[in-house]
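Hi everyone, thanks for coming. I'd like to walk you through one model today, so let me put it up on the screen first.

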Amino acid sequence: MSAETKARPGLAEYLGRVRTALADLPADELAEVMEDVEPHVTEVFTETGDLDGVIGRLGTPEAYAAELRAAGGYPPPGPTGGSALWAARYTLLVTVVSIVVALGSGLVALSGGSGKFAVLGLCVVFAIPALMLLFTDRVRPSDVEALGSYRFANRGALALLDKLPPRAVAYLRSLRPAWWLVRVLLLVVTLMAGQAESALVVLTVVALVSWAGPRSRDDRRLLPVVVVANAFLAGVAIALLAFGISASTRESNGYPYSPSGLYYNGSYVNNVYAVDEEGNAIPQFYLYDEDGTPLKLYGEYCEDRGNERNFDNRFPLPRIEYRNRTCVVESGIPFVPLPPGATDRTPSVPTRPISPGASASTPPTTTASATSPATAPTTTAATPPLTSTPAPSVPTTVTPTP
Amino acid sequence: MDTSQLLKGVLDLAVLAVLRDEDGYGYDVLRRLRGGGLEEVGDASVYGTLRRLYRAGLLTSYVVPSDEGPHRKYYGVNDAGRERLVDSERAWRAFAEAMDGILTKEAAA
């Protein structure tokens, strides 16, 4: 821009706005156009004396650019040039990702757990620049619609809609006025669910949809906001519907929820032990039901065993104890079994278990002797404790000499 | 009738015609067209048309430095432009004659 444009207030701005309106033209062509336009507008400015005169004769810079574009056979304005294109792409990407995340967040909105809205919050952060681009008109809705990826997705969506039976589509369309009722319902249910965070988010989104929805018909810049907000509410609605359906089928079928695991008289069985008719523990056996299906229980093993047989029908399952931060497998019986012939009574549980090898190969008296006398049952524990050592924390008396 | 609609179809021909004998920069072309009676021609339309004819290879252009203002870019008709001018002129005369005939007959009837 030369010195004389500076001396004329508004001239440089007028030319700048023409250039901006034509910014999507190839750079060389734009330079050529401006070589024509600059002397022209400058001359008109000289003739009319001020900017108002220029606008009176040539119209606004944008109108001037539009007329030049039409007469010059240039393509209609679109986001074909660098930054505008990327801005439009960014806006589209953020919108699509936000729709997906909003739907997902809606699905989990009423479930427990914290941080379920973290991703949604992140989306809002990324959406702020896109919204700024939209509402400062640096990205127009038409720019986004001109993107190849948008047109592709739009064609796909319309083709999918065509495949649906027309009556179903018409029915869904007829439901549209009921959507505000659904929103109110969602809000009420969420408030009743008693989750403050979810209720706040749903309240915000319902308010947003109610405010922006009607306005988006005139102002298409609000459309992505409305679509994302509705996707969230749709997610909440689907989650509620699914919850309702599963609850009602459960009731109608009369099947109570049956958790996995072994049960005896209504309480959970953690482990199973077996003794022979003399009361000797059977060190290893496998359980099956009447169909030959293994009755598996989850057993905890020490780390060196790996996870290979964590879920096993081999019994008894090992019991894990940690002593001095080392994992010790206790595979013996944690109680002294009564001989099957004896009276049925609850056995007392000793603090120290019996080693399975010893109990399998030695007579029952030895078994009993391995337990501490304080807790031994009254049946066979006649012999005093012999070899049983207390906890390993007791220091050994043997000191190695250097 | 809105003459701007009529202008759209013949602006190419008009621009080529006013440049036939003498090269000119954009504002020259505009003045010649208005001086010739096409008062309604839009400024920006003329500039757009010049660029389009140039891109179609019908015009040449060269920049002339100016002491008083921005450099002026002059346009001139090249050989291809002259050929186009002859063709378009013939088409226009035939068209105008046909329109004249139609209008005369309708008026007489």
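Let's begin with strand β7 of chain A, residues 319-323, which is hardly covered: of its five residues, the number that count as buried is zero. By buried I mean that 20 or more other C-beta atoms lie within 10 Å of a residue's own; exposed is 12 or fewer, partly exposed is in between, and the C-beta atoms are placed from the backbone. Helices (H or I, at least four residues) and strands (E, at least two) are DSSP runs, numbered from the N terminus.

A quick word on the ground rules. This is a predicted model, where local features need pLDDT of at least 70 and side-chain atom pairs count only at pLDDT 80 or more, while totals for chains, interfaces and linings use all residues. Residues are numbered from 1 along each chain as its sequence is written, and chains are lettered from A and ligands numbered from 1 in the order in which they are written.

Back to our strand. What does β7(A) pair with? Five bridges join β7(A) to β8(A), residues 326-330, and the two run antiparallel. Two strands pair here if DSSP finds at least two bridges between them. Within that pairing, A:Glu321 stands opposite A:Val328, and A:Ile320 has A:Val329 as its bridge partner. Together β7(A) and β8(A) make a hairpin with two residues between them, and in the turn A:Asn324 has a positive phi of about 50 degrees. The peptide bond joining A:Phe315 and A:Pro316 is cis, with omega about -10 degrees. For context, most residues other than glycine have a negative phi, and most peptide bonds are trans.

Next, a helix I rather like: α7(A), residues 118-135. With 18 residues at 1.5 Å each, α7(A) should span 26 Å, and its end C-alpha atoms are 25 Å apart, which agrees. The expected span is 1.5 Å times one less than the number of residues. α7(A) also bends by about 35 degrees at A:Ala127, with a proline, A:Pro129, following within four residues; the bend is the angle between axes fitted to the seven residues ending there and the seven starting there. Its buried residues are A:Leu120, A:Cys123, A:Ala130, A:Leu133 and A:Leu134. After the helix comes A:Asp137, whose phi is positive, near 65 degrees.

Now to chain B, which has four helices and three strands, in the pattern α-β-α-α-β-β-α along the sequence. Of its 109 residues, 28% count as buried. How are the strands arranged? They form an open, antiparallel sheet in the order β1-β3-β2. β1 (24-25) and β2 (59-64) of chain B stand at the edges with a single partner strand each, so one side of each is left without a neighbour in the sheet. Two bridges link β1(B) to β3(B), residues 72-77, and B:Gly24 has B:Tyr75 as its bridge partner.

So where do the chains meet? Here 21 residues of chain A are in contact with 18 residues of chain B, contact meaning C-beta atoms, placed from the backbone, within 7 Å. On the chain A side, α3 (27-48) and α5 (61-71) are the elements giving two or more residues, and α3(A) gives the most, with 10 residues.

Looking at α5(A) itself, the buried residues are A:Pro61, A:Tyr64, A:Ala65, A:Leu68, A:Arg69 and A:Ala71. Their cover includes α2, α3 and α4 of chain A together with α3 of chain B. Just after α5(A), A:Gly73 takes a positive phi of about 70 degrees.

Last stop, the largest nonpolar core. It has 38 residues, and those with the most contacts inside it are A:Val41, B:Val15, B:Val29, B:Val46 and B:Leu50. A nonpolar core is a set of buried Ala, Val, Leu, Ile, Met, Phe, Trp, Tyr and Cys residues joined through C-beta atoms within 7 Å. Which element gives the most to this core? That is α3(B), with six residues. B:Val29, for its part, touches B:Val15, B:Val18, B:Leu19, B:Gly24, B:Val46 and B:Leu50, not counting residues up to four places away in sequence. Apart from this core lies another, of 20 residues, among them A:Val206, A:Leu222, A:Val225 and A:Val236.

Terms used: Two residues are in contact if their C-beta atoms, placed from the backbone, lie within 7 Å.
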